[in-house]
Amino acid sequence: MLNPPPHPSGSAAHLLPRGEKGAIAIYVHWPYCARICPYCDFNVVRDRGRTEEQAGLAQAILDDLEAQAALVGPRALASIFFGGGTPSLMPPDAVAAVVERAHALFPPTSAIEVSLEANPTDAEAGRYAALAQAGVNRLSMGVQSFDDAALKFLGRDHSAEEARRAIGLAGRAFSRLSIDLIYARPGQGLADWRAELSTALDLGFEHVSPYQLTIEGTTAFGRAVARGAWSPPDEDLAAELYETTQGTLEAAGFEAYEVSNHARDVAARSSHNLHVWRGGDYLGLGPGAHGRMTLAEGRIATVARRRIGDYSQGVADGSPWAEREVLDPRDADEERVLLGLRTVEGVPLSLLQRLGLSADEGRLADLRADGFVALKDGRIAATATGRPLLDAVLKALLT
Ligand SMILES: C[S@@+](CC[C@H](N)C(=O)[O-])C[C@H]1O[C@@H](n2cnc3c(N)ncnc32)[C@H](O)[C@@H]1O
Ligand code: SF4
């Protein structure tokens, strides 16, 4: 799961007054996966090679794009993000069709970031060049670990060696590469984790997203932990692993520009994620995709139908969404705070003032006095102390 002006495609949506329209980003959800990982609770289905269903979904995504473009009117394109599921399994011509159509409907003012999430298997790595040809210019690789035993535990269908081969191919096809890693696995030590992070850095990634393993109740891991088969690291070790992450990446010159996202420099930040974290509008396309758009009636939150058949049929019937809500302006502002405080740039003080908060008294002043947030250049951002406690900080701020 985002940053700012120095990047050519950085959005200024966070500077807009409430209700004003800015550039628009596009999120495309491709739900198919070769295998379902035991920790994952995203909207995914096993890829059973149903080519007709997949072609139907690709067409529904294009039709949905056209319909939503007509709703939001003329905008500049900010970025495109293909997420999943496993969009590296999406036919490259279907990716190209979305990229072309999006550019035609929302002419961008300059070159934009087109990101795609990829799994590092041999089969998928063979498609990277075609995906680059289709217009993808940034690959986000779900490597998760460089340890074969850990990959097995995580239920991944690739080895560390296979991932290294895929990274080599990706480096030839894309100028911008990001890596996802999962830490706080049972039995993982600090030194092992430091070594894995160093491997990612040695391999030349410009962007690292280390995610702490989250145990979701509805997943195979959730059930295993519930029956006591194994336990994730305790709070203290998890906190040490977090500190190790920050320390190792910082020492290598990578800034944590968001809680779980570290970039080598400003240009390496993900402009798509930044656009979302800054409260910019984005269209959600594909099963279960979330969207946010500013229309005359206010800021609208959408959630597409989750099942592939329901979504495709819904698009054909003019009702792709399972949920469509006009956000109360206060809720929309609170959401901007929840997202914006995840980033180093934080949020404008004026946004917090709109929510009735003052920098000099009350809850916000207390959090400043305790060193959890700081005011700089008219913006409030979480400090290094506040970041690991962000959930509690936000709760204290917005209660
Ligand atoms: C939904 S996946 C899609 C990308 C691709 N299919 C993959 O697996 O690499 C995006 C990222 O979310 C992270 N992720 C998913 N479930 C997680 C969990 N329960 N705990 C921590 N990270 C998780 C993984 O790092 C993964 O790369
Ligand atoms: S982690 Fe990625 S590959 Fe695994 S089930 Fe989730 S989306 Fe699919």
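Predicted model: local features only at pLDDT ≥ 70, side-chain atom pairs only at ≥ 80, totals over all residues.
Local features require pLDDT of at least 70, side-chain atom pairs count only at pLDDT 80 or more, and totals for chains, interfaces and linings use all residues. Residues are numbered from 1 along each chain as its sequence is written, chains are lettered from A and ligands numbered from 1 in the order in which they are written, and side-chain values use heavy atoms, with hydrogens and water left out.

Ligand 1 has 16 residues around it, counted when a heavy atom lies within 4 Å. Gly85, Asn119, Gln144, Arg156 and Asp180 come nearest. Several N or O pairs fall within the 3.5 Å limit for a polar contact. An oxygen atom of ligand 1 lies 2.7 Å from a side-chain N or O atom of Gln144. A nitrogen atom is 2.9 Å from a polar backbone atom of Thr214. A nitrogen atom of the ligand also sits 3.0 Å from a polar backbone atom of Tyr39.

Ligand 2 is surrounded by Cys33, Arg35, Ile36, Cys37, Tyr39, Cys40, Val44, Gly85, Thr86, Asn119 and Arg156. Six of these residues are nonpolar, three polar and two charged. Here Ala, Val, Leu, Ile, Met, Phe, Trp, Tyr, Cys and Pro count as nonpolar, Asp, Glu, Lys and Arg as charged, and the others, Gly among them, as polar.

Asn119 occupies the loop between strand E5 (113-118) and helix H3 (122-125). Helices (H or I, at least four residues) and strands (E, at least two) are DSSP runs, numbered from the N terminus. Asn119 is buried, at 16% relative accessible area; the cut-off is under 20%, with a 1.4 Å probe and protein chains only. Beyond its neighbours within four places in sequence, Asn119 is in contact (heavy atoms within 4.5 Å) with Thr86, Ser88, Glu124, Tyr128 and Arg156.

The largest nonpolar core has 67 residues. Such a core joins buried Ala, Val, Leu, Ile, Met, Phe, Trp, Tyr and Cys residues through side-chain atoms within 4.5 Å. Ile26, Phe82 and Met141 have the most contacts inside this core. Helix H1 (residues 51-72) supplies its largest share, eight residues. Another core, of 20 residues, lies apart and includes Leu352 and Val373.

Helix H9 (residues 235-251) has 17 residues. Its buried residues include Ala238, Leu241, Tyr242 and Leu249. Their cover includes helix H7 (190-202) and strand E8 (207-212). At the start of H9, a side-chain oxygen of Asp234 reaches to within 3.2 Å of the backbone nitrogen of Asp236. Just after H9, Gly253 adopts a positive phi of about 90°.

Technical notes. Expected span 1.5 Å × (residues − 1). Buried < 20%, exposed > 50% of the residue type's maximum accessible area, 1.4 Å probe, protein only. Polar contact = N/O pair within 3.5 Å; in protein donor to acceptor, adjacent residues only side chain to side chain.
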